[in-house]
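Reader: Please take me through one part of this model at close range. I would like the strand pairing and the side chains that go with it.

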Amino acid sequence: MVQTSEGPLEVLRYKDEIAENGTFVTKGYYLLHFLNDKLVELNYEDARMRPDRPWRRDNRP
(Lines give C-alpha, C1' and ligand atoms only; values in the text may rest on other atoms or scores of the structure.)
Protein backbone atom coordinates (compact mmCIF):
# COMPACT_ATOMS: atom_id res chain seq x y z
CA MET A 1 0.00 0.00 0.00
CA VAL A 2 1.18 3.52 -0.76
CA GLN A 3 -0.23 6.91 0.16
CA THR A 4 -0.97 9.10 -2.89
CA SER A 5 -2.30 12.64 -3.18
CA GLU A 6 -5.72 11.07 -3.95
CA GLY A 7 -5.64 8.71 -0.97
CA PRO A 8 -4.29 5.23 -0.13
CA LEU A 9 -3.57 3.02 -3.15
CA GLU A 10 -3.38 -0.76 -2.74
CA VAL A 11 -2.61 -3.26 -5.52
CA LEU A 12 -3.47 -6.94 -5.07
CA ARG A 13 -2.12 -9.61 -7.42
CA TYR A 14 -3.68 -13.06 -7.88
CA LYS A 15 -2.26 -15.97 -9.88
CA ASP A 16 -4.27 -17.42 -12.74
CA GLU A 17 -3.27 -21.09 -12.89
CA ILE A 18 -4.40 -24.21 -14.72
CA ALA A 19 -3.61 -27.87 -14.11
CA GLU A 20 -1.60 -29.41 -16.92
CA ASN A 21 -0.02 -32.87 -16.94
CA GLY A 22 -0.25 -33.25 -13.16
CA THR A 23 1.25 -29.86 -12.31
CA PHE A 24 0.08 -26.25 -12.10
CA VAL A 25 0.95 -23.78 -14.84
CA THR A 26 0.82 -20.05 -14.16
CA LYS A 27 -0.93 -18.40 -17.09
CA GLY A 28 -0.83 -14.88 -15.72
CA TYR A 29 -1.85 -12.55 -12.94
CA TYR A 30 -4.91 -10.46 -12.15
CA LEU A 31 -4.01 -7.04 -10.73
CA LEU A 32 -6.68 -5.21 -8.73
CA HIS A 33 -6.08 -1.54 -7.90
CA PHE A 34 -7.95 -0.05 -4.96
CA LEU A 35 -7.99 3.67 -4.24
CA ASN A 36 -9.66 4.74 -0.99
CA ASP A 37 -10.93 1.14 -0.58
CA LYS A 38 -12.73 1.22 -3.96
CA LEU A 39 -11.78 -0.88 -6.98
CA VAL A 40 -10.64 1.60 -9.63
CA GLU A 41 -8.73 -0.59 -12.08
CA LEU A 42 -8.44 -4.26 -13.06
CA ASN A 43 -5.63 -5.57 -15.29
CA TYR A 44 -4.38 -8.93 -16.51
CA GLU A 45 -0.68 -9.65 -16.96
CA ASP A 46 0.23 -12.60 -19.18
CA ALA A 47 3.07 -14.53 -17.50
CA ARG A 48 4.50 -15.56 -20.88
CA MET A 49 4.82 -11.96 -22.07
CA ARG A 50 7.12 -10.75 -19.26
CA PRO A 51 10.73 -10.66 -20.48
CA ASP A 52 12.07 -10.52 -16.90
CA ARG A 53 10.23 -13.68 -15.83
CA PRO A 54 10.34 -16.74 -18.06
CA TRP A 55 7.16 -18.79 -18.28
CA ARG A 56 7.46 -21.68 -15.84
CA ARG A 57 5.63 -24.96 -15.61
CA ASP A 58 5.76 -25.11 -11.81
CA ASN A 59 4.74 -23.12 -8.74
CA ARG A 60 7.93 -21.08 -8.38
CA PRO A 61 7.48 -17.26 -8.63
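Author: Leu31 has Asn43 in β4 as its bridge partner. Strands here are DSSP runs (E, at least two residues), numbered from the N terminus. This is a predicted model: local features need pLDDT of at least 70, side-chain atom pairs count only at pLDDT 80 or more, and totals for chains, interfaces and linings use all residues. Residues are numbered from 1 along each chain as its sequence is written, and side-chain values use heavy atoms, with hydrogens and water left out.

Strand β3 covers residues 23-35 and runs antiparallel to β4, with 8 bridges joining the two. Two strands pair if DSSP finds at least two bridges between them.

Now the whole sheet. It is open, has 4 strands in the order β1-β2-β3-β4, and pairs antiparallel. β1 (2-4) and β4 (38-46) are the edge strands, each pairing on one side only. From one strand to the next, the twist averages 30°. Axes for such angles are lines fitted to C-alpha atoms, for helices over the stretch in contact, and angles run from 0 to 180 degrees between N-to-C directions.

Back to β3 and β4, for the rings. The count is 1 aromatic pair. Tyr30 and Tyr44 have ring centres 4.9 Å apart and planes at 65°, so they sit edge-to-face. Tyr30 belongs to β3 and Tyr44 to β4, so the pair links distant parts of the chain, 14 residues apart. The rule covers rings of Phe, Tyr and Trp (its six-membered ring) with centres within 6.5 Å; planes under 30 degrees apart are stacked, over 60 edge-to-face, the rest tilted. Tyr30 is partly exposed at 38% relative accessibility. Tyr44 is also partly exposed, at 38%. Buried means under 20% relative accessible area, exposed over 50%, partly exposed in between (1.4 Å probe, protein chains only).

Next, the charges. There are 2 salt bridges, each a side-chain nitrogen of Lys or Arg within 4 Å of a carboxyl oxygen of Asp or Glu. One joins Lys27 to Asp16, with the closest N and O atoms 3.9 Å apart. Lys27 lies in β3 and Asp16 in β2 (residues 7-20), so this bridge ties together parts 11 residues apart in sequence. Lys27 is partly exposed at 30%, whereas Asp16 is buried at 14%. Lys15 and Glu17 form another, at 3.5 Å from N to O. Lys15 is partly exposed at 39%, and Glu17 is partly exposed at 31%.
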